[in-house]
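Hello,

Here is the structure I promised to pass on to you.

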Amino acid sequence: MSETVIKCESVYKIFGENAKKMLEESNGNVDAKTFQEKGCIVGVNNASFEVAKGEMLVVMGLSGSGKSTLLRCISRLTDATGGKIFIEGQDLLELNNKELIELRRSKMGMVFQSFALLPHKTVVENIAFPLQIKGTKTEDSINRAMEMVKLVGLDGRENYFPRELSGGQQQRVGIARSLAVEPDIWFLDEPFSALDPLIRKEMQDEFLRLQEKLQKTIMFITHDFDEALKLADRIAIMKDGIIEQLDTPANIVLNPATEYVRKFTEEVPREKVLVIEDVMDTTSNDNLGDLKVLKDEIIENVAEKILTQEKIVAVVDSENNIVGSIKPSKIIDTVFGGRKNGS
Amino acid sequence: MEYLKKYPKLFQWLFLLVVFFALCFAIDVPETYKFIRGQAEFVKDPNQSVYFFLGKEVRYYAFDVFWRLPPLLGWLPIWINDSLFFLMNEWMPMEFWNEDTQEFKTRPILLQISRNLTAFMTFLIELIREILLGGLETIVAFTSWDFIDAYPWLELPGLPWTIVAAGAAILSYKLSGKGLALFAGLTMIYISIFGQWKPSMQTLSFILVAAPLSFIFGLGLGIAAYKSKRVEKALYPILLVMQTMPQYAVLVPALVLFGVGDHAAVIITMVVAVPPMILLTILGLRAIPPEVIEAGRMSGCTNWQLMLKVLIPTARRDILIGVNQVIMVCFSMAVISAFIGAKGLGFNLLLALNQLNIGLALEAGLCISLIAILLDKMSLAWANKQTDYFGNLTFFQRNKNVIFFAASFVIGIILAYVGTFIFKGSFNYLFEIPHNKGISTADFWNKGVDWIFDTFFVYIKAFNTWLIQDVLQPMRALYLRMPAVATLVLAVGAGYLIGGIRSALVVAALTLFIALSPWWDRALVTLYMATFGVVISCLIGFTVGTLCFQNKKSAAFMLGVCDIFQTFPSFVYLIPVMMLFGITDTSVLIAVIVYATIPATRYTIEGLRSVPVGLHEAATMSGVNKLQRLTKIEFPLAFPHMMLGLNQTIVFALFMVIIGAFIGTEDLGQYILKALSDKNGAGIGLTLGICVAFIGLIFDNLIRTWVEKRKKHLGIA
C-alpha cells in the first residue's frame, strides 16, 4: 500500500455563530435538523477518509451536499469546525499562516468551477501568477508558464485575455495555472460543470491523459455521477454533509450502501462501468471453455463474445494465468438484473 | 369599496394628501409672519424670543408651533464656531520649535498640525508648479535665499510649453496609442495658443497633487471598510451626507482650519473626492467572485499579495470609475476653490463670471473639460496597459519614448532660445504665451450672446415676465405657505407608505433637523427651485433619452454629450443665462435645468439599455409594435433605474440651485455664500450644508427604498 497523502478524521464544518460550542455539546452526534433550528447550518458531518498517493478520489453529491465545503476544509480555505486533517502527516489545522502559505505554494493546486481567472491578466500571466507570487523571476516564470500553455494545448493564445476565450479554453488555463507550481496534491472543484457536454467529454479525456502522465494525488468534486464513474479510483458519495458511501466505482454500482446511492446507480449502464474482474467467480472451476478474457476488460467490449459461448469462460490476468471464471448468464444478470421493477 | 380593496396603496396616498391639505388650510398664516425671519444671528429686536442652550444665546421670532417650529437647533452653528475656535486657538497648547525665530513657541497642537499639513501640501504643489512654470520656492525650501543669491544659475525657468505638450503626447502614446497622443497634443496646443497656459498649469499642478492623494486615501479607506464591518458602519453615514452636501459648504470650515490658498483647496478637494472613491472601492471589492479570491489564496498569496495583485486588479472596473469620479470632483473643486484663493483656471472663470464675459468663461471652461478628459483617459489607459514578454526588441525600440522625449526636450529648449531672438522685446511665444496674448474667440461669443439679446429682447423679456409672474412667484408662495407640521406629516407619511416605519423615522429625523434649524423658510425656497428644475429636467431627460435610445448610434452620441456637459464647470452655465434673463430666479432655474438634465438623460438611456434582449424577442414574437413594446415592457422594467436617475437629478439640481446664489437667490445658498465672507461663518456654512444634504437625503432615502422594493418585485435586483 502506498503512503497516505490526505487523511481526515471526523471532520465537521458547521456554519453559524455558536457552531463550535454546539458541536462540543453534541458529542459528535450532529443532527442537521436540530442544528438548523438553532441557526446553524451543517456543511460537513463527520467525514473520515484517506487518500493515497497517486490516487484520484472523486467526491460526488448534489448541490448543497457539502462536497465543496469538504474540499475547502481540506485546502483550508475555510477552517473546519472540528476534527483533524493531515496533509502528508502534517496537521493542517495547526499550521500558522506562513506555513499554510508555504504549503499552498509548494504542494497544492486548485481548479475552480467558474475558472476564477484573473480578468486583468493574459493567459500566460494567469498561469505564471502562482510562480510570481512565490517570487520566481519574471523570465523563469514566463518560460515555465509557456510550457504549461503547451501542455494544455493553448499555444498561440498565450497573449489572449480570459474574456477572449471560450469556456473550455478558460478551464484549460485554470488547469495549467493549478499545475504551474508542480503541486503534489491537486484539488478540482467541479472543473467541467460549467462546460458544454461535448467539451466536457473532451476535457475529461484530456484530464485522464494528464493524470496518466503526472500521477498526482487528486480530490475531484462533481455532481455528475457518470463523470465520477469515468474518472475515479474511488468515489465518495455525499448527502447533507454525510459521506454515504466511499468505495470503488464497481462496488458502488454493485453494492450500493444506502437507498440514496442506489438511486444513482439504477440508471448506470453497468456494462460500460464494470470490468470482468468485478463480476467473475473466483472459486476454481474445471469446466472451462476455450475462450479466455482479460480480467481488466470492460464488460461491454467482451459481452458479445462471452454470450455466444455455451461453456463457462475463463478469466485471465495479463500474464495469462487463470484467475477466475464467468458464466454467460452472469453477464445477462449483471446488465439487466438486480434493478427495481418498472425503472 | 371594491376599488379600495383593489388599490389599497392608492387610497393610502390619497388619504395622506387629504390630511396634508386639510392641515395646510387649517393652519393660518400668522399676521406677524414675514419671509425674512430673524436668524440665529446677532440682530437684536425686542420682539424676538430668546433661549439659552449650553450657554449660547439664540434669538428668534416665535410663531405658532404648527406654522413654524422654533429654531431649537439655532445654537448648533454658534457652538460649532466656538468649538472650532477653541480647538484651533486654545486646545492643548504645546511647545514647538520655530525655525525662523530660533526659539520655542507655545502653540495649540491642532494649529501646529494644520500648519505642518499646509506646509507639506504647499510644498507638493509648488514642486510641480515650478517644474511647469518655473520658480524658486522649492529650492529655497531645501536651502536658503542666500544660497540662491550665491548661485544665480539655479534660477531655472519653467519648461517651455512645447516640451510639456510633446511630453503629454509621448506619454499618451506610450499608454494608449496614436489617438490619445493626438488628443493630448491638440489639447496642449489649444491651451497654449489661447493664452491659458499659466492658469492651466497652475490648475494642473493642483490636480496632480489632489487627485493622487484622494485616490490613495479613498482606496485605503475603502479597503479598510471592506475588511472591517465596524469601519464601514462608522464611515457610512459620513459618506452619505458627503454625497449630497453642496461642495462649497465645506469651504467655510476648511477656511478656518487651513486658511486661504491652494493648500486649503487640496485638503477640501480631498474631503469631497474621497467619499465617492471609498464607495466605489467597496462596491468593486464586494463584487469579486469568491472563487477568484480562493484562487488567489490557493496560489499562496499573502494578505498583501492578495490585496494588491488579486483583489484590487479584479475590482478595477469600479475602482476606475472611482478614479474618474475623483478627477471630475478635483476639477470642479479646482473652480470652486478659487473662492478661497486657489490660483488657476478657476480664478479666471470667477473673473469672467463677475465681468459677465461669456467668451472668456467658455475658453477657460473648455480648458478644464479638455484636461479633465485627457487625465481621465490617461489613467484609464494606464490601468489597462499590457506587458509584452515575448517581443524581441532592440535598444531603440525599447527606449524610443524616452529618446523621443529627450529629443523634443532639446528641440523645445532650442526653439525657446531661438524665440528670444525672434520675438525681441515682446513675448517669447515659443516659451510661454501669456494670458490675454493668445488667440481668443471671446469676442465672437460675447457678440453672439449680445446679438441674441438684442434680437430677441422683447420675447425674452415677455417670457421671463410671464414665467416669473405666473409660474414661479405663485409656486414659491405656495411652498412658503406650507405649515411646518403639514410638511412634516407629508414627508413622514410618504416615508411610511414607501418604506415602512424605518423609512418614516429616517425621513422624520432629517426633516426635523431642517425644521428646527433657523433656515426652514430658506429650505422651502431651495426646495421650490429644485422641484421646478427637477420636473422640467426629468421631462426633457426622459423624452430625449427615450428618443435617442431608439437608435444605437444616437444613444452613444448622447452619452458622449452627457460626459462633456458634466465635466464642463457648472459655473459657466450661469453666465449666458444671467446675460439673457438677468438676476432672476429664471436664470438660476435654466442653469439648473441644463445641468440636471444630464443625469436624467443618462439614466434613461442606461435603464432602457439594461432591459434584457430575451424580453425584446419575446415581445416581438407576441406581436407588439414599437410603442407597445416601449410602454408595456421597456418602461416598466427600466423604471427603477430611471428613478435612480431622478435621484441623481435631484442631487445635481440642488447643487446647481446652491451655486445659483452667485446670481442672487434667497435660499440656503445665499446664506452659504454669506458665510464664506463671514469670519464666524464656519458653523453657519456647515449647518447650511448639512441642511441641503438632508433635503437630498430625504429624497434619496425614499427613492432608493422604493427602487429596491420595485426591483425585488420585478426580480431584477
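The crossing of helices α9(B) and α12(B) is right-handed. In this predicted model, α9 covers residues 197-227 of chain B and α12 covers residues 262-286 of chain B. The two pack with their axes 6 Å apart and at an angle of about 40°, which makes α9(B) oblique to α12(B).

β1(A) runs antiparallel to strand β2 (residues 41-52) of chain A, and eight bridges join the two. To find that pairing on screen, look for Lys13(A), whose bridge partner in β2(A) is Val44(A). β1(A) also pairs with strand β4 (residues 82-87) of chain A, again in the antiparallel sense, this time over five bridges. Here the pair to look for is Cys8(A) with its bridge partner Ile85(A) in β4(A).

Further along chain A there is an open sheet of three strands, in the order β11-β12-β13, and its pairing is mixed. Its edge strands are β11 (288-294) and β13 (322-326) of chain A, each of which pairs on one side only. On average, neighbouring strands of this sheet are turned by 35° against each other, ignoring direction. Strand β12 (residues 312-316) of chain A pairs with β13(A) in the antiparallel sense, with four bridges between them. One of the residues to look at is Val313(A), which has Ile326(A) as its bridge partner in β13(A).

Finally, the domains. Chain A is assigned a domain 1 (4-270) and a domain 2 (272-336). Taken over C-alpha atoms, the centres of domain 1 and domain 2 of chain A are 36 Å apart. How many residues of domain 1 of chain A are in contact with domain 2 of chain A? There are eight, and they meet six residues of domain 2 of chain A. Helix α10 (residues 249-254) of chain A gives the most to the domain 1 side of this contact, with four residues. By class, that side of domain 1 of chain A has seven nonpolar residues, one charged residue and no polar ones.

Happy to go through any of this with you on screen.

Best wishes

Conventions: Residues are numbered from 1 along each chain as its sequence is written. Chains are lettered from A and ligands numbered from 1 in the order in which they are written. This is a predicted model: local features need pLDDT of at least 70, side-chain atom pairs count only at pLDDT 80 or more; totals for chains, interfaces and linings use all residues. Axes are lines fitted to C-alpha atoms, for helices over the stretch in contact, and angles run from 0 to 180 degrees between N-to-C directions. Angles under 35 degrees count as roughly parallel, over 145 as roughly antiparallel, 65 to 115 as roughly perpendicular and the rest as oblique. A crossing is left-handed if the near helix is turned anticlockwise from the far one by less than a right angle, and right-handed if clockwise. Two strands pair if DSSP finds at least two bridges between them. Domain bounds come from an automatic or database domain assignment. Two residues are in contact if their C-beta atoms, placed from the backbone, lie within 7 Å. Ala, Val, Leu, Ile, Met, Phe, Trp, Tyr, Cys and Pro count as nonpolar, Asp, Glu, Lys and Arg as charged, and the others, Gly among them, as polar.
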